[in-house]
Amino acid sequence: MDRVVAECGRSGLRTRLLAPRVVVYFVLAMCLFSGQDHEEVARLLMQGLTWAKRWSGSWQVPSTAAISRARVKLEPEPLKALFAEVARPLATEETRGARYGRW
């Protein structure tokens with residue numbers, strides 16, 4: 001994640017509440033928790049990052065406006081690059097029902 005964010009020129013020089021890599025995690029978490037509001041997704045994300053030992057120290061849930069500004073600042077390039085790097089078909093040529101005609 002950090003490498004992809006850095007390659008897209010979005011690495012923050014300062015340590016901040018919504019560092020670019022955390023915003024990428026947040027956007028992915030929004031997909032998992034699509035029925036929740038931004039602040040609840042941020043809270044759930046931080047619980048997960050803390051549990052996975054990817055975040056330490058104190059943290060407060062940012063406002064919806066702060067989250068929106070961070071998403072705008074991030075822009076879509078890091079997510080596109082991350083998708084291009086990790087997305088692969090799960091089916092093989094032999095997987096029954098995974099193909100339709102030439103697709």
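Tutor: Helices (H or I, at least four residues) are DSSP runs, numbered from the N terminus. Here, Arg10 lies in the loop between α1 (2–7) and α2. The model is predicted: local features need pLDDT of at least 70, side-chain atom pairs count only at pLDDT 80 or more, and totals for chains, interfaces and linings use all residues. Residues are numbered from 1 along each chain as its sequence is written, and side-chain values use heavy atoms, leaving out hydrogens and water.

Student: Is Arg10 buried or exposed?

Tutor: Buried means under 20% relative accessible area, exposed over 50%, partly exposed in between (1.4 Å probe, protein chains only). Arg10 has 19% relative accessibility and therefore counts as buried.

Student: Which side chain does the side chain of Arg10 meet in a polar contact?

Tutor: A polar contact is a pair of N or O atoms within 3.5 Å; within protein, one must be able to donate a hydrogen and the other to accept it, and residues adjacent in sequence count only if both atoms are side-chain atoms. The partner is the side chain of Glu77, at 3.0 Å. The Arg10 side chain also reaches the backbone oxygen of Leu74 at 2.9 Å.

Student: At what angle do the axes of α2 and α3 cross?

Tutor: Axes are lines fitted to C-alpha atoms, for helices over the stretch in contact, and angles run from 0 to 180 degrees between N-to-C directions. For α2 (residues 20–32) and α3 (residues 38–51), the crossing is roughly 115°, and the axes come within 9 Å. Angles of 65 to 115 degrees count as roughly perpendicular, and α2 and α3 are therefore roughly perpendicular to each other.

Notes:
Helix = DSSP H or I, 4+ residues; strand = E, 2+ residues; numbered from the N terminus. Parallel < 35°, antiparallel > 145°, perpendicular 65-115°, else oblique.
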